[in-house]
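Keep the picture open as you read.

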Amino acid sequence: MNNASFPTAKSRTPLLQRLSLAGLTCAPLLLGGCSFFSPIPEPRGSLIEKTDYAQLVPGTSTRSDVLDSLGSPTAHATFDDNTWIYVSMITSPTPLGFPSVDKQQVVVLTFDNSGVLRKMDTLNRKDGVRVGMVGETTPTPGTKTSVIQQLLGNVGRYNPMSNMSSTFGGSQGPLGNQGTGNGGAGNTLP
């Protein structure tokens, strides 16, 4: 057997060194590619900067001034049309979950009955209150039937021609207008 065809330990060492050097060179490129797949922040709501609402002055600014500088509000208060709410947030998608909120701001403007701005509040994410879900179920009235009972209970109940008095479907339909058929009259060839 010829030993020249098999690499020896001495000839393998430079090969391993070259492969490890290539791996070390490619590692930063591969890790840098991970930032390419990072979630892209998404703006949501009325994106209002501080400079936008800094020009509003309580006591002198009116609703039309607010509409000119901030646009239409995200929401009005439930029982008070004189309270306007502007919500803005920046979110990032989360795999298999709800988007994470990176930045959140709420601007609440209160007007008097004549339309003059009286109060302006700015709320941040730290001012928010976490609301948890309740694990209880709401009882519903009625009988408890299984899925099979519901499916078999409806067998034979569907009849599309039940509200029509003619077998041709040409009489008055269920909505009181002319039906779809013509009862065999008309549409004949000469």
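A pocket here is an open set of points on a 1 Å grid over the protein atoms alone, where a 1.4 Å probe fits and protein lies on both sides within 12 Å along at least five of seven lines; lining residues have an atom within 4 Å of a point. This is a predicted model, in which local features need pLDDT of at least 70 and side-chain atom pairs count only at pLDDT 80 or more, while totals for chains, interfaces and linings use all residues. Residues are numbered from 1 along each chain as its sequence is written, and side-chain values use heavy atoms, leaving out hydrogens and water.

So who lines the largest pocket? You'll find Phe98, Pro99, Val101, Gln104, Arg125, Gly128, Val129 and Arg130 there.

Now for confidence: pLDDT is the predictor's own score for each residue, from 0 to 100. The chain averages 75, and 63% of the residues score at least 70. Two elements mark the ends of the range (helices are DSSP runs of H or I, at least four residues; strands are runs of E, at least two; both are numbered from the N terminus):

| Element | Residues | Mean pLDDT |
|---|---|---|
| helix α1, lowest | 9–34 | 62 |
| strand β5, highest | 117–124 | 91 |

Overall, the chain has 4 helices and 5 strands, in the order α-β-α-α-β-β-β-β-α.

What does Ile48 touch, counting contacts as heavy atoms within 4.5 Å? Leaving aside residues up to four places away in sequence, Ile48 meets Tyr53, Leu70, Tyr86, Ser88 and Gln105.

Notes
Contact means heavy atoms within 4.5 Å.
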